[in-house]
Amino acid sequence: MTKITKTLLSLTLGLALFGTSAQAKQTLRWSEPSEIQTLDPALSVDTTSSEMMRNSYEGLYRFENNGQVKKALVKKETRSADGLTYTFTLQKNAKWSNGDRVTAKDFVYSWQRAVDPNTKASNAQLFDGIKNATAIMAGKKAPTELGVSAVSDHTLKVELEKPLPYFRSLVVAPIFSPLDQKAVEKYGKDYGTSAAKTVTNGPFNVKGWTGSNQKWQLVKNKHYWDKKQVKLDRIDFLVTKSTATSYNMFQSGQLDKTDLSQDQARQLRTNKEFIARKQARMQYLQFNTQDLVLKNLNVRKALAYAIDRKQLVNSILADGSLRPKSFVPYDLMTYNAKDFAKVSGTKAKISFDRKKAQHYLKLGLKELGKDELELQLLGDDDDISKKVNEYLQSQLEENLPHTKVTTLNINKKSRIERMKKGEFEVVLTGWGADYQDATSFLNLLRSDSPYNFGKWQNPDYDKLLTSAKEQTGQKRFLTLLKADELLTAEQAVTPLYQPALATLLKKDVKHVIYAPIGGYNFKNVTLK
């Protein structure tokens with residue numbers, strides 16, 4: 001080999017290596033605790049799917065770090081004096097990932113599809129308050145009568161039945177994203193079941209997701225109207241249910257972010273890459289009240305009083321999670337500078353009290369004609385869920401005599417399916433706010449809610465939430481407080497903790513947006 005040949009070969013290899021390095025700098029490597037369930041905005045019920053859709057679709061608004069609502073596809077907004085009509089001027093150069101133009105008609109189609117009972121949209125109840133939505137969902141009116149219309153290609157009008165103080169934060173939810181009608185009709189029921197059968201309009205496109213695999217990518221959308229602000233070429237996602245695995249990969253440079261277990265968070269609190277993310281979420285126990293034992297209020301009270309939440313957040317979790325005072329998280333809703341959760345909660349409502357727990361169990365077993373209590377506790381198969389379930393099992397068996405608890409931890413998709421079918425006794429589950437209002441949680445327990453998996457029903461509770469729809473200001477705030485107090489008195493669900501997300505993030509990852517509602521937004525992320 002001649003000197004010149006060697007030099008050219010060396011230069012070629014050097015350029016190749018430089019190109020690989022430059023490309024690597026544009027690729028973020030991210031861990032997720034669970035798989036994508038769907039990319040159809042109307043059918044999403046889980047955090048991972050929602051996060052992928054918030055980065056691959058774009059609606060009217062988006063969240064910033066502090067929960068502030070910012071314009072997305074909206075260029076200009078006007079609102080009528082009575083607060084019932086919004087008119088939005090949309091970005092004119094917005095396109096779908098297949099090159100089609102994004103127009104106001106795409107919002108009209110998507111919203112009408114979501115409220116159509118035939119779609120069986122998981123979050124259709126979020127449209128409550130938009131003109132005719134409730135009647136449409138009840139089958140009393142046609143979807144075309146929904147209060148949304150395309151005034152022109154880039155002018156969208158939305159009519160409300162009553163003022164919604166949280167409207168802008170509400171329409172950030174994925175279900176309010178526009179949809180390319182041509183693509184949805186092309187794939188039919190298969191739309192959103194894989195990346196190849198999904199068309200999006202956001203900063204990134206989902207690639208490599210086949211419907212069940214644990215690796216996929218978000219790739220920069222070349223058709224995105226604001227693509228100049230998107231610096232990343234790609235984000236590689238890997239499902240790592242074990243934080244030991246993801247931490248080792250983080251340490252070896254294979255991941256740029258890892259979630260942490262409780263023990264890891266405790267040990268790494270002072271690490272410069274440690275970040276605790278505040279979440280507008282609540283982890284709680286839901287009871288299947290179709291079960292004869294769990295239908296008994298005294299049994300549910302016994303279970304609630306038998307759990308030491310202070311020890312759970314301080315010793316078991318130790319990651320910045322908070323002991324709740326309400327089913328509604330802290331800092332979600334305020335009125336006159338008063339936090340709903342703090343006003344609603346009192347120590348006596350959901351405190352640990354072994355004597356009360358045993359008292360209520362005795363009453364419950366007597367009413368049921370039983371000598372002992374046997375329960376199965378269902379949960380996810382990730383590290384944190386397993387550890388919390390183990391703690392709950394020990395708490396219930398130690399503090400309640402004649403009680404036997406077994407745990408079953410399965411993958412999240414299977415757990416959700418079992419909940420939908422009512423195939424559970426007690427389940428450890430969670431909910432993240434869709435918008436900045438207490439009803440994002442309280443509405444879950446309405447008799448007609450698709451998320452009321454335990455089938456708890458109370459006409460007085462339903463009436464309070466119905467009354468709140470017609471109220472504003474302090475009167476509405478007080479009505480919602482009464483609903484929350486009733487829910488707690490009945491132990492429809494038992495709040496356990498408001499989770500914090502303990503993570504490690506590489507120093508060279510900049511401008512990550514994390515909102516307590518909605519999670520991560522990667523649009524402006526840069527790698528240095």
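Trainee: Which helix gives the largest share of the lining of the second largest pocket?

Mentor: This is a predicted model, in which local features need pLDDT of at least 70 and side-chain atom pairs pLDDT 80 or more, while totals for chains, interfaces and linings use all residues. Residues are numbered from 1 along each chain as its sequence is written, and side-chain values use heavy atoms, without hydrogens or water. Rolling a probe the size of a water molecule over the atoms shows where empty space is left. On a 1 Å grid over the protein atoms alone, a pocket is an open set of points with protein on both sides within 12 Å along at least five of seven lines; a cavity is a set where a 1.4 Å probe fits but cannot get out; lining residues have an atom within 4 Å of a point. Here, helix α3 (residues 104-115) supplies three residues, the largest share of that lining. Helices (H or I, at least four residues) and strands (E, at least two) are DSSP runs, numbered from the N terminus.

Trainee: How much space does the second largest pocket hold, and which residues lie nearest its centre?

Mentor: The space amounts to about 340 Å³, a volume being what is filled by probe spheres set on grid points joined across faces, edges and corners. Of its 14 lining residues, D40, R113, N118, T119 and K189 lie nearest the centre. The lining comprises five nonpolar, four polar and five charged residues. In this scheme Ala, Val, Leu, Ile, Met, Phe, Trp, Tyr, Cys and Pro are nonpolar, Asp, Glu, Lys and Arg charged, and the others, Gly among them, polar.

Trainee: How many cavities of 30 Å³ or more does the whole structure contain?

Mentor: The search finds three. The second largest cavity has a volume of about 240 Å³. It is lined by 23 residues, with R54, Y61, R62, V172 and N521 closest to its centre. Helix α2 and strands β2 (61-63) and β23 (519-521) each give two or more residues to this lining, which divides into 13 nonpolar, six polar and four charged residues.

Trainee: How many salt bridges are there?

Mentor: A salt bridge is a side-chain nitrogen of Lys or Arg within 4 Å of a carboxyl oxygen of Asp or Glu, and the count is 22. In one of them, D380 and R415 approach to 2.7 Å, N to O. This pair joins strand β16 (residues 373-380) to helix α14 (residues 412-421), across 35 residues.

Trainee: Why does R415 count as buried?

Mentor: R415 counts as buried because its relative accessibility is 6%, where buried means under 20%, exposed over 50% and partly exposed in between (1.4 Å probe, protein chains only).
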